[in-house]
Amino acid sequence: MNAIDTAAERERALADVLAGRYPDERGRYGPFGGRYVPETLIPAHERLERGARRWLADAAFQAELNQELRDWVGRPTALSPAPHLSRRWGAQVWLKREDLAHTGAHKINNALGQAMLARRLGARRIVAETGAGQHGVACAAACARVGLPCTVYMGALDMERQAPNVGRMRLLGAKVVAVNSGDRTLRAAIDEALRDWVADPTGTYYLLGSAVGGHPYPYIVRELQAVIGREARAQMLERAGALPDALIACVGGGSNSIGLFHAFLGDAGVDIIGVEAGGRGAALGENAATVVYGRPGVLHGSYSLLLQDRHGQIQETHSISAGLDYPGVGPEHALLASIGRVRYETVDDGEALEAVRECCRLEGILPALESAHALAGARRWAATHAGARVLVGLSGRGDKDMPTLSQTLLAQPDEAQR
Ligand SMILES: *Cc1c(COP(=O)(O)O)cnc(C)c1O
């Protein structure tokens, strides 16, 4: 692996990032990325790579995608000043409102784009996997819109925990298949979805939900989510008359964050911060902060950072937010961390809950628990940057988190009285 150790190497890698040289022809982001998939899936990944390069650059495809993003997803999403959080925290807080996108989060940008790509590639059906169910719902909706049958694999344990999302997927026409093997959660569901894809790699399209996986998935997902940052950058210039001093988003697999960050990577004056789930603390198994605590290794098709023990066993993770509860992270984040362009920090469960409370009370917005990690990161940043502008990626709405919020925030005495 060509590691990035010296300042000169970091500078060269940043220049390559800004010149759009990643992923390179081998699907790498510096030393990270690549395609570590079973032999049987190599041709399918190669076909997908050729198709993605062609169609994502095709003017007619882009025109159709942009029309659907406008008419069906509801883009551009708003950029909201947050005057009350600004007063409380002492910095100028702006929110990029992916919570207002159709189905309630940024995930729809990717699901729609890939479903449209699948059509162009001649696929007859879509398979996907989902953990908490948010990606499954976005997939089911996008497939209904595009007119392709959709099968979503979901761990049996997750189906119990996320029953409302299972119902939503079924209403939207998807077939939800319970996975009873392995850990009966996301990991087992991924295995089943891949098995399905191997059985018919030309007729079936595998729709991956975050900026992870073997090449070209991290590239496809970044390209489809980059609309967030393009819009936000133009909106900031128009509304605030300036770029933000800092940009902050939460990082699970890394799709909403890479989407927000990408248009700003060349803006040297913009401090970019990715917030990971600090969970209950720094010990192995107590968090899902992959960049902060992880080490390099291969997971789900790509070489990146991951949470593993001394023997290379993937670790169980914990976060109060299901969407951040993943032991890996997209390879482009591993590169951005190693060259120092993006700084990664943790926010723990308690800080995220407090940010939900403040955002609800002060701005009248119920943020997703994932997004609340970014808000808490912004509050911390604001404490040392009085009066500066901070743009926060509000990746989704928090309605889905009511079961967790009922047992936490609403169970606190001062809330229960209201
Ligand atoms: C899934 C999800 C995330 C985490 O996924 P990324 O790929 O890291 O963006 C963050 N926020 C919300 C609202 C989500 O649903």
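The side chains of Arg-187 and Glu-316 pair up in a salt bridge, at 3.9 Å from N to O.

Keep in mind that this is a predicted model, with local features needing pLDDT of at least 70, side-chain atom pairs counting only at pLDDT 80 or more, and totals for chains, interfaces and linings using all residues. Residues are numbered from 1 along each chain as its sequence is written, and side-chain values use heavy atoms, with hydrogens and water left out.

So what are the two domains? Domain 1 covers 36-69 + 107-216, and domain 2 covers 73-105 + 222-417; these bounds come from an automatic or database domain assignment. Their centres, taken over C-alpha atoms, sit 24 Å apart.

Now for the interface. Here 28 residues of domain 1 are in contact with 31 residues of domain 2 (heavy atoms within 4.5 Å). The two domains bury about 2300 Å² between them, 62% of it on carbon and sulfur atoms; that is the accessible area (1.4 Å probe) lost on putting the two parts together, summed over both. On the domain 1 side, Tyr-36, Leu-69 and Asn-109 lose the most area to domain 2, together 26% of what that side buries.

Key
A salt bridge is a side-chain nitrogen of Lys or Arg within 4 Å of a carboxyl oxygen of Asp or Glu.
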